[in-house]
Amino acid sequence: RMRFRPAFLAVPLLVVASLAWAHDLFLKLDRYFLEPNARVRIPVLNGTFSTSENFVTPDRLADISVVSPQGRARLEPARVWRPGPDSTSLLSLETGAAGTYVAGASILPRELELAGDSFNMYLEEEGITDVLEVRRRTNDTTRARERYSKHVKAIFQVGERRTGDFDVLLGYPAEIVPLENPYTLPPGAALRVRCLVDGAPVANQTVLWGGEQGGRALRQRSTRTGPDGVATVMLDAPGRWY
């Protein structure tokens, strides 16, 4: 679209990260402007913003929720979560009244063990620089045991009416909450988000953001949260953003 619209705000929220380079989790809609009272299937990418590396089985889900002007509805994973093409999962739901909606999914923890060198490479690729710097400073190459989980949201617009549901707290172990409705922002705007861990703001947390425009990846960037857990990201190009 020629007029800038922040058509996507996916917030892949990782307590650590995913299973050995399976990376992040994204709810990536094909369209972010939907009609009221419509059926929608949301592709779930378990990998990167462009490629899913494996299907997430319904038994791994602790919560699936959709928040609308009518409130929060918790969905039954076995009924709404299905395998899709190209190793994706598909989340099926129905829209209701016009408003700004939030879909969320929280995955149960898993554990894995990695060799020291592999774990350091993993930390570098995932941008977990604080832990990596400590391991390098102490020359730590011991095996690492990791407990990880994934918590993700997507914000989409139904009809024309913008509502305040965008900043809902789902109570996930890690959560990113926008402080402005992204569907009210002008072109080139900054979006403030607050990062929470166990419901409390987390300071000096690394935040990554990027996106996609016409099938081409937009450059990923990073910033840090302030003492209040707030980070500012720039939506400086039309496209779909995470």
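In which loop does D198 lie? To find D198, select the loop between β15 and β16, where the strand β15 covers residues 190-197 and β16 covers 200-201. Keep in mind that this is a predicted model, in which local features need pLDDT of at least 70 and side-chain atom pairs count only at pLDDT 80 or more, while totals for chains, interfaces and linings use all residues. Residues are numbered from 1 along each chain as its sequence is written, and side-chain values use heavy atoms, with hydrogens and water left out.

D198 has a phi near 55°, a positive value in a residue other than glycine. Most residues other than glycine have a negative phi. D198 is exposed, with a relative accessible area of 65%, where exposed means over 50%, buried under 20% and partly exposed in between, with a 1.4 Å probe and protein chains only. Now select G199, which lies in that loop between β15 and β16 and is exposed at 58% relative accessible area. If you also select T184, 15 residues from G199 along the chain, the two C-alpha atoms are separated by 26 Å.

**Second stop: D86**

Next, go to the loop between β8 (81-83) and β9 (89-94), where D86 lies. D86 is not a glycine, and yet its phi is positive, about 55°; with 68% relative accessibility, D86 counts as exposed.

Select residues 116-126, which form helix α2; helices are DSSP runs of H or I with at least four residues, strands are runs of E with at least two, and both are numbered from the N terminus. Colour G116, F119, N120, Y122, L123 and E126, the buried residues of α2. Seen down the axis of α2, these buried residues fall within an arc of 160°, so they line one face of the helix; the arc is that of the directions from the helix axis to the C-beta atoms. The face turned away from that buried side carries the exposed residues D117 and M121.

**Last stop: α2 against α3**

After α2 comes G127, with a positive phi near 75°, and residues 129-137 form helix α3, which packs against α2 at an angle of about 140° with the axes 8 Å apart. To see the contact (heavy atoms within 4.5 Å), select G116, F119, N120, L123 and E124 in α2 together with V131, L132, R135 and R136 in α3.

Conventions. Axes are lines fitted to C-alpha atoms, for helices over the stretch in contact, and angles run from 0 to 180 degrees between N-to-C directions.
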